Amino acid sequence: MLEKVNLKKIMMKEEYKAIAGQLKPRLSALQQQMKEAKVPVIILFEGWSAAGKGSKISDVILNLDPRGFKVYSTVDPDETEARHPFLWRFWQKIPIAGEFSIFDRSWYQEVSTAQLENALPKKELTRRIEEINHFERTLTDNGYLIIKFFLHISQKEQKKRLSALEESKATRWRVTKTDWKRNRRYDDLYQIYDQMLEQTDTPCAPWHVIASEDRNVAMADIYQTLVKEIGRAIAQRPERDAQAAAYQGGIPASRFQLVETPKLCDIDLNRTLEPTTYKEELKKCQAKLKKLHGLLYKEQIPVIVAYEGWDAAGKGGNIKRVAAALDPRGYEVVPIAAPSKEELGRHFLWRFWTRLPKRGHITIFDRTWYGRVMVERVEGFCTPADWARAYDEINEFEKELTDWGAVIVKFWLQIDKDEQLRRFEDRQNTPEKRWKITDEDWRNREKWDQHEAAVNDMLQFTSTDFAPWTVVESNDKKFARIKALQTLIAAIENRLK
């Protein structure tokens, strides 16, 4: 892609003033329209050292309301960031609907200069490229606009600019040994950048390579691109929303290897455990899990435990028995309720990406990202296109986590309708338990059949060979607790092998 860029192009100041005089007010107006249309926009600036990323960002944001954007300057990951998946720190920074996130360098550092300076293995490079393409596609599928600029200059021009910066005491600090090393290895980095651009130039998030030796040419191209792309995204939003609401295409076929899982109606719920056996097994399992938790920390292996199930299926008691075996410094239980306004304004996976454990730690989710394909599907809180697309978005999310090294254990706690009614009535009639029962629980019960159909689809389309579902027979809480503990222990032991 880089060889097609005309670096010799120049633009006179008067011509640029005329173009910018029209485009800058238009960009300002589009920001307000973008906010009203609830279009979130991500703008990223990549390119050569000294290509002018900082100055161009500064020029652009002068035309924007500062309450509607955030600028992020990306450097090497710190210790905490390095203990999470490589895209974790960027998921933290995606904008809320109607606002901008602007990146001075981005996730592309992890597949460009990392090759040159960190000896990035080819297999890891391939995985990161794939994850970047998934990341950008899932965001744009959910209404985000991503505008990617690569600022291109020649080796000679880069050397000239670095020298000029070094000559001034005010700017000397901006030039590092790494900058000069990259200039000397310009040809190698050129090949790396060009390959990166080719592999990540997708229909949903294409690259805009900007000839940046002449500032007027570069800024004119940047403003023209911003106005064109943002204007188009705003104009297309009503039609896009209407198509998503009217979607009738069904659930797309998964590209992952799925594990056959029985339907809920075929689960034998008569399995029980005697109290004495339960106490013995609980003590044994908790002792084993405690030991394994120490090994997980030693080996820096993260564990994610996902609990789903019917209301009153016993998730809280089940989680309590797991947590009792863990070092409190090394785990967190995350209860998931209805999304907040801030969470609703972002991709549905955002609130889960921001709660992932770091290496060596355990996070237990009391309800999960599967709400998208269950309650949100049944209650109409998202469009048919949203929940139909979500199955593979979730599979991709979990695949990235397992590729990172995480153990994922997913439980569906199954009870029958009669047992749920008995537990509801017990809660209703017991003062100290009454807080556990809500009007929403009763309303959900009225839609049992719809929820059961959604759960069966979830089990069928998201039980993968890397993150399979375990259906836990939970009419007997004692049996359910031991089965969950044994399943978790087996998954951890298998990973430690």
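How many salt bridges does a search of the whole structure find? The search finds 39 salt bridges, in what is a predicted model.

| Pair | N to O distance |
|---|---|
| Arg 255 and Glu 130 | 3.7 Å |
| Lys 284 and Glu 281 | 3.3 Å |
| Arg 355 and Glu 343 | 3.5 Å |

The salt bridge between Arg 255 and Glu 130 links distant parts of the chain, since Arg 255 sits in the loop between helix H10 (215–245) and helix H11 (275–299), while Glu 130 belongs to helix H6 (residues 122–141), 125 residues apart. Arg 255 is partly exposed, with a relative accessible area of 45%, and Glu 130 is likewise partly exposed, at 37% relative accessibility.

Lys 284 and Glu 281, by contrast, both lie in helix H11, where they are 3 residues apart and therefore separated by about one helical turn.

In the salt bridge of Arg 355 with Glu 343, Arg 355 lies in the loop between helix H14 (350–353) and strand S8 (362–366) and Glu 343 in helix H13 (residues 341–344), so that the pair ties together parts that are 12 residues apart in sequence. Arg 355 counts as partly exposed, at 28% relative accessibility, whereas Glu 343 counts as buried, at 14%.

Beyond these pairs, salt bridges that share partners join Glu 81, Arg 89, Glu 110, Glu 124, Arg 127, Arg 128 and Glu 131 into one network.

Definitions and conventions
Residues numbered from 1 in each chain as written. Predicted model: local features only at pLDDT ≥ 70, side-chain atom pairs only at ≥ 80, totals over all residues. Heavy atoms only, no water. Salt bridge = Lys/Arg side-chain N within 4 Å of Asp/Glu carboxyl O. Helix = DSSP H or I, 4+ residues; strand = E, 2+ residues; numbered from the N terminus. Buried < 20%, exposed > 50% of the residue type's maximum accessible area, 1.4 Å probe, protein only.
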